[in-house]
Structure formats: C-alpha cells, structure tokens
Amino acid sequence: MGADLNTEVGNRIRQRRALVKMDQAALASRLDVPVSVVQGWESGSGAQPLDLTGLADVATALSTSIADLVPAPEDDLTDGVRLQLPDEDSSIVGSRGGVDYYVYRCLVRSPSVPMLIPLVVDVLVDDRERAEFNGGHAGHEFIYVMEGSVHMQWGDEAAPKTADLPTGASIYISPYVSHTFTALDGRNARLLAVNF
Ligand SMILES: [Fe+2]
C-alpha cells in the first residue's frame, strides 16, 4: 500500500476500533499480534504492512468488512457530472465459442455509481445455431435495439425462450438470467445495453 493509503486505512482501523470500544491491546490480542503491530497499522507507518488476508482478519475482529476499512474510490464528477467524448470510448471484442461474437464500446462510467455500465454492443453473429449464452451476470440490464434487428434467446439453454426484436424494441433482463443475441436479416445489429 502507498503511504497515503496506509494512513487512510490506519485512520479507519482506529476509528472503527473506537466505535466498537476496543483498545489497541484488545485488538492485538484478538489477532494474536504484538500491540506494536496494531500501533504501526494505525500510525500508517507502513512498517507492518497489511496484506489482503491481514486486512480481512482486522475487519472481522472489528465486526466489519474490508470495504469499511479502505477509502471509497475518488469521486470523478464535476458538479455532479462526468462526461466522456466518443474518442475516449474503449472497444473490446467479446469472443464466445472461439468466434468474435460482440464488439463492446464502453460508454461513460463512474466510481460514484459502480453498478452502472453502459455499452454499445455490435452483434456480429447472424446464425442463431451458433448462439452462445452468457450464463447470466450480476446486475439488471436494460437493452434498446438501436440498429438492425436481433434474435434473442434466454433462460434454460436446453429449451430457451426466444423473440425476434426490431429496431426500437427495448428489453429488461433480470440478474443472472442467461441470454444471447444474434443478428437477423443477415446484417449486423447494434444494441444500447445498460447494466445497473
Ligand atoms: Fe447482458
């Protein structure tokens, strides 16, 4: 951990320890380490580095989670707004079953709303027999068919539900529902997909 992070984590350990009415000796005894080690953590000196397992043990001893002991990601908003211009978008090819399946263009994200993941998705495969399910994912998903039309399959991969969806259709998908899209009409299709 860097010096600033050591200091920040040390402050959080001290604050949490005070909140649960534990002195340094009590915390040290719970973790079976010398008091000087706890003092080192709390001073942020970095002399007694905490690895991930150690931090998890401290969190457990203080009846909290690691997330409570590390600083939240820095807010990257300007007066509540984050902008991303088109030339700042990154593109990633998603392969499934050994073929290029989707191209994802990653739109604006912010640590202020980590669950919000907006993407433009180009659907490259137009043969539904080659459809590859994703097994579902965390987070809800909203989809809008921007261009072309798509064949959607979801649910039980052995006996999926299906729908043909034209430009302008919109879709909501629950977390962990397996789904897949292939293009219809022999041309690529483009989706706006917002995970949240
Ligand atoms: Fe999805």
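I count two strands as paired if DSSP finds at least two bridges between them. The model I looked at is predicted.

**Entry 1: strands E5 and E6.** I started with E5 and E6, residues 161–165 for the latter, and found 5 bridges joining them. The two strands run antiparallel. I then checked the connection: E5 and E6 form a hairpin, with 6 residues between the strands. In that turn I noted Gly155, which has a positive phi of about 90 degrees.

**Entry 2: the other partner of E5.** I looked up strand E8, residues 179–183, and it pairs with E5 over 5 bridges in the antiparallel sense. Here Val150 stands opposite Ala183 of E8.

Entry 3: I traced an open sheet of 6 strands with antiparallel pairing, and its order is E1-E2-E3-E9-E4-E7. Which strands stand at the edges? I found E1 (90–96) and E7 (170–173) there. Each has a single partner strand, so one side of each is left without a neighbour in the sheet. I noted that neighbouring strands of this sheet are turned by 25 degrees against each other on average, direction ignored.

Within this sheet I looked at E3 (residues 117–123) and E9 (residues 189–195), which run antiparallel and are joined by 7 bridges. One of the pairs is Pro118 with its bridge partner in E9, Val194.

**Entry 4: the whole chain.** I counted 5 helices and 9 strands. Along the sequence the pattern is α-α-α-α-α-β-β-β-β-β-β-β-β-β. I compared the radius of gyration, 24 Å, with the 16 Å that the globule rule gives for 196 residues. The value is well over the rule, so I recorded the chain as more spread out than a compact globule. The C-alpha trace spans about 70 × 40 × 30 Å along its principal axes.

I looked up the domain assignment, which gives domain 1 as 3–69 and domain 2 as 86–195. The centres of domain 1 and domain 2, taken over C-alpha atoms, are separated by 43 Å.

Of its 196 residues, 18% count as buried. Among contacts with a separation of 6 or more, 60% are between residues 24 or more positions apart.

Definitions and conventions
Residues numbered from 1 in each chain as written. Predicted model: local features only at pLDDT ≥ 70, side-chain atom pairs only at ≥ 80, totals over all residues. Helix = DSSP H or I, 4+ residues; strand = E, 2+ residues; numbered from the N terminus. Axes fitted to C-alpha atoms, helices over the stretch in contact; angles between N-to-C directions. Domains from an automatic or database assignment. Rg over C-alpha atoms; globule rule 2.2 N^0.38 Å. Buried ≥ 20, exposed ≤ 12 C-beta atoms within 10 Å, placed from the backbone. Contact = placed C-beta atoms within 7 Å.
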